[in-house]
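Here are my notes for your first read-through. Keep the 3D view open and look up each spot as you go.

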Amino acid sequence: MTAERSTADILDAAVHVREAARSATSGATGVDTVLEALSEVVEYDHASLTRWDPLRRRHTTLAGSYPDEATAYIETSLHHDPVFSVLRGPARGGLWLSDVPRELLATSPGFQDVLRPLGIEGGVAQCLFAADGRYVGMLNVSTRRPRHAPDPARAVVTLLTEALAAAVAPRSDPPSEESAAAGPAPDAPHPGARRPGGLSPRELEVLAELTAGRTNREIAERLYITPRTVGTHIEHILTKLGLPNRAAAAARAAAWGIEPSR
């Protein structure tokens with residue numbers, strides 16, 4: 001690939017990424033084809049697409065080229081890194097390494113202990129959210145060459161997030177809470193079992209957090225959704241269970257033996 005690419009070249013490459021993501025979403029091809037296409041948008045040394053497991057509270061790599069140590073950090077520890085709290089908001093675009101404050105990088109084990117030894121000087125981390133607000137995974141891209149603005153690739157990566165999110169989300173995940181109630185989903189707490197009260201998997205997660213007395217904002221931070229979405233889930237929970245308030249919902253969850261993940 002040439003060192004200098006026009007904006008038109010990058011936009012053409014973005015179309016190929018979107019096509020690869022759609023193919024991966026349908027199951028026709030693997031997620032690795034998405035990363036391969038993305039290399040024409042952002043020339044990288046390492047990259048990965050991961051899926052978030054809400055029950056195990058960790059990421060699973062679907063495709064990637066990072067060394068084993070870096071992959072392990074992304075999967076099990078990145079969501080605890082100080083930098084993650086900055087980039088995880090649903091309204092935020094990708095966080096490019098050159099935009100991270102130096103004082104924040106100094107406190108980041110992911111940068112200091114994992115990326116810096118690899119000689120990484122540039123790249124982007126992008127949290128991926130489904131259309132219904134669920135956090136489904138991450139894109140991580142790293143390069144040994146710093147990137148400088150203006151760079152059309154920066155905007156293109158943000159524009160591709162919906163397609164990337166669809167590619168990493170489990171294909172059997174329900175598109176909405178209404179359809180979620182119709183059958184089991186991979187993230188249900190008891191696979192194959194009937195869900196208590198007809199609650200969806202996400203509603204059960206929120207209900208479990210209520211037993212710990214957490215606020216909407218605290219629940220949102222743990223589940224990587226917005227406080228407003230938490231409030232909506234709680235309203236649905238109270239309606240489905242015929243309960244007057246969140247305290248009653250927490251008591252019902254405790255009676256059912258439902259507890260939040262650690």
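1. Start with R57, which sits in the loop between strand 1 (46–53) and strand 2 (58–64). Keep in mind that this is a predicted model. For background, most residues other than glycine have a negative phi. R57 also counts as buried, because its relative accessibility is 13% and the cut-off for buried is under 20%.

2. Next, find Y224 in the loop between helix 11 and helix 12. Y224 isn't a glycine, yet its phi is positive, about 60 degrees. Is Y224 buried or exposed? With a relative accessible area of 5%, Y224 is buried.

3. Stay with Y224 for the rings. The structure holds six aromatic pairs. One of them is W52 with Y224, edge-to-face, at 5.1 Å centre to centre and with 75 degrees between the planes. This pair links distant parts of the chain: W52 is in strand 1, Y224 is in the loop between helix 11 and helix 12, and they are 172 residues apart. W52 is buried too, with a relative accessible area of 7%.

4. F84 also pairs edge-to-face with Y224, at 5.4 Å centre to centre and with 75 degrees between the planes. F84 lies in helix 4 (residues 84–87) and Y224 in the loop between helix 11 and helix 12, so this pair ties together parts that are 140 residues apart in sequence. Both F84 and Y224 are buried. Put together, ring pairs link W52, F84, F129, Y135 and Y224 into a cluster.

5. How do helix 11 and helix 12 pack? Helix 11 (residues 216–223) and helix 12 (residues 227–241) meet at an angle of about 105 degrees, with their axes 8 Å apart, which makes helix 11 roughly perpendicular to helix 12. On the helix 11 side, N216, R217, I219 and A220 meet P227, V230, G231 and I234 in helix 12. The contact residues divide into five nonpolar, two polar and one charged.

How values were computed: Residues numbered from 1 in each chain as written. Predicted model: local features only at pLDDT ≥ 70, side-chain atom pairs only at ≥ 80, totals over all residues. Heavy atoms only, no water. Axes fitted to C-alpha atoms, helices over the stretch in contact; angles between N-to-C directions. Helix = DSSP H or I, 4+ residues; strand = E, 2+ residues; numbered from the N terminus. Parallel < 35°, antiparallel > 145°, perpendicular 65-115°, else oblique. Contact = heavy atoms within 4.5 Å. Nonpolar A, V, L, I, M, F, W, Y, C, P; charged D, E, K, R; others polar. Buried < 20%, exposed > 50% of the residue type's maximum accessible area, 1.4 Å probe, protein only. Phe/Tyr/Trp six-rings, centres within 6.5 Å; stacked < 30°, edge-to-face > 60°.
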